[in-house]
Amino acid sequence: MSLPKIVNKDWHELNIWSDIDNIREKLSTVSFVPEASDIFRGFSISPNSIRVVIVGLAPYNTVLADGSALATGIPFDVPEGYDRPSLEIIRECLWNDYNDIQSECTRISDWLDQGVFLLNKALTCTPFGEARSHMHIWSKFTESVIVELDRLFNSIVFVFLGRDA
């Protein structure tokens, strides 16, 4: 089994990849966002540097006019110049709790450098479809990621955004 080059080498040693071939097979028969090359962008962070895990539901299902996906492969992140209601809520919560954070920046990919691992329960979904459309593909994988991180690094804080997360 080969993993995408974007996946930090420290993830390779974790016991989370047993279902990856099954996932690839299922994805080969459906349309999905984000782009295949971006699915594991969030795994570029070393698991050894994770201090907080924020779990959401699924990637943004929007496809832009140029045919590219709004989903970047990092949960809650969007291409420069775009915004989503969930990002507005995250910014508002941060601004209310931390008055010195007053950025209009919609990109949160920089959080990876600060030890924040962003994970969706499903790493893909149908373009313009239901957010839960690929839960059956990813549920075993994302559950194993959460269990393995909790088992190995019991000082990590987990934040689950929304009832379904």
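A residue is called buried when its relative accessible area is under 20%, exposed when it is over 50%, and partly exposed in between, as judged with a 1.4 Å probe and protein chains only. The model is predicted, so local features need pLDDT of at least 70 and side-chain atom pairs count only at pLDDT 80 or more, whereas totals for chains, interfaces and linings use all residues. Residues are numbered from 1 along each chain as its sequence is written, and side-chain values use heavy atoms, with hydrogens and water left out.

Val157 is partly exposed, with a relative accessible area of 46%, and belongs to strand β3, residues 157-160 (a strand being a DSSP run of E with at least two residues, and a helix a run of H or I with at least four, both numbered from the N terminus). Together with Val159 and Leu161, Val157 makes a nonpolar surface patch of about 210 Å².

Four salt bridges are found in the whole structure, a salt bridge being a side-chain nitrogen of Lys or Arg within 4 Å of a carboxyl oxygen of Asp or Glu. One of them joins Glu148 to Arg151, at 2.9 Å from N to O; both residues lie in helix α4 (residues 135-152), three residues apart, which is about one turn of the helix. Within this pair, Glu148 is buried at 8% relative accessible area, while Arg151 is exposed at 56%.

A further salt bridge links Glu130 and Arg132 at 3.1 Å, N to O, and here Glu130 is partly exposed at 47%, as is Arg132 at 39%.

Key:
Patches are made of residues with over 30% relative accessible area and no salt bridge: like charges are joined within 9 Å, nonpolar side chains (Val, Leu, Ile, Met, Phe, Trp, Tyr) within 5 Å. Accessible areas come from the Shrake-Rupley method with a 1.4 Å probe; for residues, only the protein chains shown count as cover.
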